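Here are my notes on this model, point by point. Please read them with the structure open.

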Amino acid sequence: MIIAIDFDGTIVEHKYPEIGREIPFAIETLKRLQADRHKLILWTVREGRLLDEAIEFCRERGLEFYAINRDYPEEEKGKNSHYSRKLKADLFIDDRNLGGLPDWGTIYEMVKNKLSYETLLDHYEQDREDNGKENKNKGLFKRLFG
């Protein structure tokens, strides 16, 4: 899939124009999605120096994007008669999603298993019913990664 990811509030805590602290597991999960052969686009309001800082923040942590604020790396506004600011992505990950930003373990599970949020919730509800009780000692990352 082509996945567009916001920066402020999604990869890092929202401190714009500063760069906030990395949200736990954000970079790690995005690198794992790349390893699963998804193309990642950094999709942010940042421009100029602020954008360069965000790109460098990710690069220093081993995360390189397929494209930044465009559909593909070579796309140029003045040289493409079909250019649009609206990305053609299969999925958008943004803290301003309806319902907010799930934790990165949940995001990974949803992408890997092609689950909608509703399906994911139904899956957890079924697990609780099957087990007869909720297992509070086993977190999402433990269920995902053993």
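In which loop is the place of P17? P17 sits in the loop between β1 and α1. The peptide bond from Y16 to P17 is cis, with omega near 10°.

1. Ground rules. This is a predicted model, in which local features need pLDDT of at least 70, side-chain atom pairs count only at pLDDT 80 or more, and totals for chains, interfaces and linings use all residues. Residues are numbered from 1 along each chain as its sequence is written, and side-chain values use heavy atoms, with hydrogens and water left out.

2. Overall layout. The protein has five helices and four strands. Helices (H or I, at least four residues) and strands (E, at least two) are DSSP runs, numbered from the N terminus. Along the sequence the pattern reads β-α-β-α-β-β-α-α-α. Of the 146 residues in the protein, 35% are buried. Buried means under 20% relative accessible area, exposed means over 50%, and partly exposed is in between (1.4 Å probe, protein chains only).

3. Contact range. Contact means heavy atoms within 4.5 Å. Take the contacts between residues at least 6 apart in sequence: 65% of them join residues at least 24 apart.

4. Helices α1 and α3. Two packed helices are described by the angle between their axes and the distance between the axes. Helix α1 covers residues 26–35 and helix α3 residues 104–112; their axes come within 9 Å and cross at roughly 15°. Axes are lines fitted to C-alpha atoms, for helices over the stretch in contact, and angles run from 0 to 180 degrees between N-to-C directions. α1 and α3 are therefore roughly parallel to each other. The classes are: under 35 degrees roughly parallel, over 145 roughly antiparallel, 65 to 115 roughly perpendicular, and the rest oblique. On the α1 side the contact uses A26, T29, L30, R32 and L33, and on the α3 side W104, Y108 and V111. By class, this contact of α1 with α3 has six nonpolar, one polar and one charged residues. Here Ala, Val, Leu, Ile, Met, Phe, Trp, Tyr, Cys and Pro count as nonpolar, Asp, Glu, Lys and Arg as charged, and the others, Gly among them, as polar.

5. T29 in that contact. T29 is found in helix α1. T29 is buried, at a relative accessible area of 6%. Not counting residues up to four places away in sequence, T29 touches W104 and Y108.

6. Helices α3 and α4. Helix α4 spans residues 117–131; α3 and α4 pack at an angle of about 105°, with their axes 10 Å apart. That makes α3 roughly perpendicular to α4. T106, E109 and M110 of α3 meet Y117, L120, H123 and Y124 of α4. The residues of this contact divide into four nonpolar, two polar and one charged.

7. Aromatic pairs. Rings of Phe, Tyr and Trp (its six-membered ring) pair if their centres lie within 6.5 Å; planes under 30 degrees apart count as stacked, over 60 as edge-to-face and the rest as tilted. By this rule there are two aromatic pairs. The rings of F7 and F57 have centres 5.9 Å apart and planes at 80°, so the pair is edge-to-face. F7 lies in the loop between β1 (2–5) and α1, and F57 in helix α2 (residues 48–60), so the pair ties together parts that are 50 residues apart in sequence. Both F7 and F57 are buried.

8. T10. This residue is found in the loop between β1 and α1. T10 is buried, with a relative accessible area of 0%. Leaving aside neighbours within four places in sequence, T10 is in contact with I5, I23, A26, I93, D94, D95, L101 and W104. T10 and I23 are 13 residues apart in sequence and 7.1 Å apart in space, C-alpha to C-alpha.

9. Backbone points to check. Phi of F25 is near 75°, a positive value in a residue other than glycine. F25 is found in the loop between β1 and α1. F25 counts as partly exposed, at 40% relative accessibility. Phi of N69 is near 55°, also positive in a residue other than glycine. N69 is in the loop between β3 and β4. N69 counts as partly exposed, at 23% relative accessibility.
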